[in-house]
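I opened the model today to go through a few local features one by one. My notes follow in the order in which I looked.

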Amino acid sequence: MVDDIQHIHSYYSPNDLYNKIIAGLNKLGKDLSQVTLDDLQPVDEFHIRGDTATRELIKLSGFTSDMHILDVGCGIGGSTRRLSHETGCTVTGIDLSDAYIDTARRLTELIDMQDRVRFHAASALDLPFADNSFDGVWSLQMNMNVEDKLAWLVETCRVLRPGGRAVLYEVCGHKNSPLYFPVPWAQDGSMSFLLQPEAFRGVITSAGFDIEVWNDKTDLAQKAFAEVQEPVGESELPVLGVYLLVGKDIKTKAYNLHRNLDEGRVSLIETVAVKPEDQSSGQSEQ
Ligand SMILES: C[S@@+](CC[C@H](N)C(=O)[O-])C[C@H]1O[C@@H](n2cnc3c(N)ncnc32)[C@H](O)[C@@H]1O
């Protein structure tokens, strides 16, 4: 792995994650032969507004059962499975973290979706797929860890077929900076690379996409985090939660995200970008 993203890989590499989730399900009294997507949702949808946002993005996507979709930066695959479950499409998820990919595969087998949902450990900057091989792309809150956003989006455009849509749900910067750290995606500033929304939009079009939908969802993110208080001392964590993915300081991370949203330091963008029909791969010739 390239040295400059090794620390990002390490951040997303918890030990024994699958067994910790199984222990949590057992503690909650779930029958392991009948685990549902809803049972996993507290731990496997690691993005702002969780499953509510996933369902909104599925509606926005227009993805259908005959399609093969690529989920870039899929985490442990919560929204990957939900997307396939709701639309009937086949989804391939990739993520930098081997630990997440191992867990994603095992959870998918646990709920018997492995025929339509597959996973590979890979970097978004070097996708192990041929040009034009997916009908759609889906990427939820990964861009924050990617410094070279043009390289990521050119690579995304390359593997998408002409006319295909990329659904991106991404944290961006805002008018004020710097951020308060740690946040859920980064322990410190060496792992977090946020562009202002308009600059992010510019990189998407430079990579060869046309923007079809552009929605600022910052107000909904602010509402979702409005009640988050500054943690005092050691407080209890739920049996299942995203702290299993990124550490027990999750309450501090959530509080800092709340402050960053309220003080105009981060924003939340939902966009659908389309690869033009006349483009067979990657960046447009200009
Ligand atoms: C905040 S999590 C979001 C996970 C998932 N999309 C979700 O919504 O549950 C960010 C994810 O991006 C992945 N990631 C970060 N940089 C990456 C890269 N260069 N290539 C692939 N995945 C990456 C991390 O490993 C992590 O799983």
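Why is helix α5 (residues 78–87) described as largely enclosed by the rest of the structure? I found that eight of the 10 residues of α5 are buried, so the helix is largely enclosed. Buried here means under 20% relative accessible area, exposed means over 50%, and partly exposed is in between, with a 1.4 Å probe and protein chains only. Helices (H or I, at least four residues) and strands (E, at least two) are DSSP runs numbered from the N terminus.

Before going on I noted the ground rules: this is a predicted model, in which local features need pLDDT of at least 70 and side-chain atom pairs count only at pLDDT 80 or more, while totals for chains, interfaces and linings use all residues. Residues are numbered from 1 along each chain as its sequence is written, and side-chain values use heavy atoms, with hydrogens and water left out.

**Helix α5**

I listed the buried residues of α5 as Gly78, Ser79, Thr80, Arg81, Arg82, Leu83, Ser84 and Thr87. Just after the helix, Gly88 has a positive phi of about 85 degrees.

**Ligand site**

I looked up which residues surround the ligand. There are 18 of them, and Phe46, His47, Gly73, Asp95 and Leu140 come nearest; a residue is near if one of its heavy atoms lies within 4 Å. By class, I have nine nonpolar, six polar and three charged residues in this shell. In that scheme Ala, Val, Leu, Ile, Met, Phe, Trp, Tyr, Cys and Pro are nonpolar, Asp, Glu, Lys and Arg are charged, and the others, Gly among them, are polar.

Next I read off N and O distances to the ligand. The side chain of His47 puts an N or O atom 2.6 Å from a ligand oxygen. From the backbone, an N or O atom of Gly73 is 2.7 Å from a nitrogen atom of the ligand, and an N or O atom of Ala124 is 2.8 Å from a ligand nitrogen. On its own the ligand has 600 Å² of accessible area, of which the protein covers 98%. Such areas come from the Shrake-Rupley method with a 1.4 Å probe.

**Lys149**

I placed Lys149 in helix α7 (residues 149–159). A polar atom of the Lys149 side chain lies 2.7 Å from the backbone oxygen of Asn143.

**Salt bridges**

How many salt bridges are there? I have a count of 17.

Lys30 and Asp39 meet at 3.2 Å, N to O; Lys30 is partly exposed at 32%, and Asp39 is buried at 16%.

Asp131 and Arg158 meet at 2.9 Å, N to O. This pair links distant parts of the chain, 27 residues apart: Asp131 is in the loop between β3 (117–121) and β4 (134–140), and Arg158 is in helix α7. Asp131 is partly exposed at 40%, whereas Arg158 is buried at 18%.

In the pair Lys253 and Asp249, the closest N and O atoms are 3.0 Å apart. Lys253 is buried at 0% relative accessibility, while Asp249 is partly exposed at 25%. I also noted one network, in which salt bridges with shared partners join Asp38, Asp51, Arg55, Arg82 and Glu86.

**Backbone geometry**

Where are the cis peptide bonds I noted? One runs from Ser177 to Pro178, with omega near 0 degrees. Another joins Phe181 and Pro182, with omega about -5 degrees. Pro178 is in the loop between β5 (160–173) and α8, and Pro182 is in the loop between β5 and α8.

Asn132 has a phi of about 60 degrees; the residue is in the loop between β3 and β4 and is partly exposed at 30%. Gln141 has a phi near 50 degrees; Gln141 lies in the loop between β4 and α7 and is buried at 11%.

Methods. A polar contact is a pair of N or O atoms within 3.5 Å; within protein, one must be able to donate a hydrogen and the other to accept it, and residues adjacent in sequence count only if both atoms are side-chain atoms. A salt bridge is a side-chain nitrogen of Lys or Arg within 4 Å of a carboxyl oxygen of Asp or Glu.
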